[in-house]
Amino acid sequence: MTAKLPKRPRAFYCGNEDEGKISFLHSINQALRGKAWENVKPLPAYDCFAELGFVPAGLLFQNGWWFHCTECDRSFDVDCWDYDKDVALHPVFERDRRFCSQACRNTWHQNEQKVARLKAEAIAIVTAKYPGSVIQLAYVSLAYLDRPDKQRVDFKVLGVAGAVEWTSEQPDTVSVRRCDVEAWQAYKAGLEVSA
Ligand SMILES: [Zn+2]
């Protein structure tokens, strides 16, 4: 007997009147599940990008897609013209990201770096404060890129079932689910004993 090879996902266009995307899925039914797309169709020409996980935005642009800028949300199409401001646009594409200008690309990358730095700082505080913690998620809101005091980290520790939430606004306290309060106190007591 030969083992059945898993089927490779295929590219499907999933679209509505005002938005569309390409998803890599195993069947058209999978595409129809979840969001109510009005238009779902296979796009075999893009199947080869399944492993990559996205179709390069520059290629889609060449093929007639229009986009919202990943950074500023301005829309642009193959005409590369901002009809509101009556100026030419010089879009930049990078993986699945599309920017209406080099300036937007630079801003996006600067913000990415800020996010990474804020996350790393918050995670370092949590892991130092709560030994054995396993970080689940560090949240950085784009609205708070310049506010290290507005960060949040969710983490798990042994013995506590749910996630523990820490915020930089109140760095000396955490939130846990009501049913986890006792377990959290036991964890804390354990820290004090070993300290
Ligand atoms: Zn832009």
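Biologist: Let's start with F155. Which residues does F155 touch, not counting residues up to four places away in sequence?
Modeller: In this predicted model, F155 touches V126, Y130, S133, V134, I135, Q136, A163, V164 and W166, once residues up to four places away in sequence are left out.

Biologist: And which strand is F155 on, and what face does it share?
Modeller: F155 belongs to β11, residues 152-156, and sits with V153 on the covered face of that strand. The uncovered face has R152, D154 and K156.

Biologist: Which residues touch the most other members of the largest nonpolar core?
Modeller: They are A122, V126, V153, F155, V157, V164 and W166, and the core has 14 residues.

Biologist: Which elements each supply at least two residues of this core?
Modeller: Those are α3 (102-129), β11 and β12. The one that gives the most is α3, with three residues.

Biologist: How many residues are in the second, separate core?
Modeller: That one has six residues, including V92, F99, C100 and C104.

Biologist: Back to β11. How many bridges join β10 to β11?
Modeller: Five, and the two strands run antiparallel, with β10 covering residues 134-139. In that pairing, V134 stands opposite K156 of β11.

Biologist: What about β11 and β12, how many bridges there?
Modeller: Four bridges join β11 to β12 (residues 164-167), and these strands also run antiparallel. On β12, T167 is the bridge partner of R152.

Biologist: New topic: the open sheet of three strands. In what order do the strands come?
Modeller: The order is β2-β1-β3, and the pairing is antiparallel. Its edge strands, β2 (20-25) and β3 (39-42), each pair on one side only. Neighbouring strands there are turned by 25° against each other on average, ignoring direction.

Biologist: How many bridges join β1 to β3?
Modeller: Four, with β1 spanning residues 10-15 and running antiparallel to β3. Within that sheet, Y13 stands opposite K41 in β3.

Biologist: Last thing, confidence. What is the mean pLDDT of the protein chain?
Modeller: The mean is 91, and 95% of the residues reach 70 or more.

Biologist: Which element has the lowest mean pLDDT, and which the highest?
Modeller: Helix α1 (residues 28-32) has the lowest, at 79, while strand β8 (residues 92-94) has the highest, at 98.

Terms used
Residues numbered from 1 in each chain as written. Predicted model: local features only at pLDDT ≥ 70, side-chain atom pairs only at ≥ 80, totals over all residues. Pairing = 2+ DSSP bridges. Axes fitted to C-alpha atoms, helices over the stretch in contact; angles between N-to-C directions. Buried ≥ 20, exposed ≤ 12 C-beta atoms within 10 Å, placed from the backbone. pLDDT = per-residue confidence, 0-100. Core = buried A, V, L, I, M, F, W, Y, C linked by C-beta atoms within 7 Å. Contact = placed C-beta atoms within 7 Å.
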